[in-house]
Amino acid sequence: MITRQRLAAGACALLAALTAGFALPAGAVADETAEQAAPKVELVLDVSGSMRAKDIDGGSRMAAAKQAFNEVLDATPEEVRLGIRTLGANYRGNDRQTGCKDTEQLYPVGPLDRTEAKTAVATLAPTGWTPIGPALRKAAGDLNGGDGSRRIVLISDGEDTCQPLDPCEVAREIAAQGIGLTIDTLGLVPDAKTRDQLSCIADATGGTYTSVQHKEELSDRVGQLVERAADPVVTPVAVDGAEGCAKAPTLKSGLYTDREEFGQHRWYRVDVEPGQELRASVSVAADRAVAPDYGVLLRAVTVHGREIVRGEAAGNGRTDAVSTGLRYPKAESDDEDAAAEVVCLQVSHSFAAASGVKTTPGMPLELTVDVVDGPDQAGDVAAFGLGRGWWLLGALVLTGFLAGVLWGWVSRWRLAVWRTN
């Protein structure tokens, strides 16, 4: 009995010694209170002939839109630079080429004169075509310049009538520019095709889609989106990853956005000083119809190709985004002049495009890089070396060896006692 108790106590002590090295550290809080540039919003309103339909609370769709605009203009925060663009507001004819150019800026993006903006909205009357794609391209140009957040709020009641210029592809092109522009869409009493198209536009830029059936819903939702633009945000920096580590761009701590083709790998470099810890995460968004099985891999490797640590995630079924992350601590050095270690980050995903879906531009990815002071506690999971597999392997081998020696000694002792008895 005494022998069994001693064995149990030794095993518990050994287990405690091992698990002590895996305790998680307290999270660090980053100070992100930097002053934000003025946010920009452009309301893009469909003024095509179908806006005459009287199916929103007994009034026309155009009347509901005008009321919503007036209420939103009254409530727009002072710091927001707001503009208004129309599509289908001027040309009444049947010439497709002319009708698909019918988009104009009704009120320029800038400090808001509420009276002037309301007067401009009051002149609108349902007229012509529905050139959503051209209007989005122009609106993106209206919002160029500056570092603040940029948002397009598109209100429409029908599909784009200017194919083959697919507005969903236009939205992907805008997202691929890496200018941090979000497109939110609202469908007025939408049918299935309109809902699918507006949803695709919003998904391509990380925006939202809302179906609207009543005037109050329209006013509330547009107001929410304009106010949201005034919230402090971190705008991702566009970066072009390389096909290998040698030519990869060197990143500092921050938020980055890129595009990755199907079957492609993207590489980035980060300098990690002795005593620092690299924390990185990546998210890949499914901005189009993809196969049901998918995954994303983030690897940290040395410049010589040896893997240091990896993070991976996988799933199946429908998803909007899949994310993973990793941590890598660089040990302190006794040499004060020790150089920083170049860590190569590799991003890859296993999304596959559904049949008939365009594969360009690539899937949007967002990469977060944070280089912080390394953990002080030796028991920290990263400091213990869980990220570097050979440390863990060495600890397990040593543990197994000591356990074998202990078990052999106990077995011989018990055999000797048995023979004596």
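Which residue forms a salt bridge with Asp-184, and how far apart are the closest N and O atoms? The partner is Arg-151, with those atoms 2.3 Å apart.

Before the close-ups, a quick note on the model. This is a predicted model, where local features need pLDDT of at least 70, side-chain atom pairs count only at pLDDT 80 or more, and totals for chains, interfaces and linings use all residues. Residues are numbered from 1 along each chain as its sequence is written, and side-chain values use heavy atoms, with hydrogens and water left out.

**View A. Asp-184 and Arg-151 form a salt bridge.** Here a salt bridge is a side-chain nitrogen of Lys or Arg within 4 Å of a carboxyl oxygen of Asp or Glu; by this rule the count comes to 18. Asp-184 sits in strand S5 (residues 181-188) and Arg-151 in strand S4 (residues 150-156), 33 residues apart. Strands are DSSP runs of E, at least two residues, and helices are runs of H or I, at least four, numbered from the N terminus. Both Asp-184 and Arg-151 are buried (under 20% relative accessible area; exposed is over 50%, partly exposed in between, with a 1.4 Å probe and protein chains only).

**View B. Arg-85 meets Glu-42 in a salt bridge.** The N to O distance is 3.9 Å. This pair links Arg-85 in strand S2 (residues 81-87) with Glu-42 in strand S1, 43 residues apart. Arg-85 counts as buried because its relative accessibility is 5%, and Glu-42 counts as buried at 0%.

**View C. Arg-137 meets Glu-173 in a salt bridge.** N and O are 3.2 Å apart. Arg-137 belongs to helix H5 (residues 132-142) and Glu-173 to helix H6 (residues 167-176), so the pair ties together parts 36 residues apart in sequence. Arg-137 is partly exposed at 42% relative accessibility, and Glu-173 is partly exposed at 37%.

**View D. Tyr-294 and Phe-351 form a stacked aromatic pair.** A search of the whole structure turns up one aromatic pair (rings of Phe, Tyr and Trp, its six-membered ring, with centres within 6.5 Å; planes under 30 degrees apart count as stacked, over 60 as edge-to-face, the rest as tilted). The rings of Tyr-294 and Phe-351 are 5.3 Å centre to centre, with 10° between the planes. Tyr-294 is in strand S11 (residues 293-301), while Phe-351 is in the loop between strand S14 (341-349) and strand S15 (363-373), 57 residues apart. Both Tyr-294 and Phe-351 are buried.
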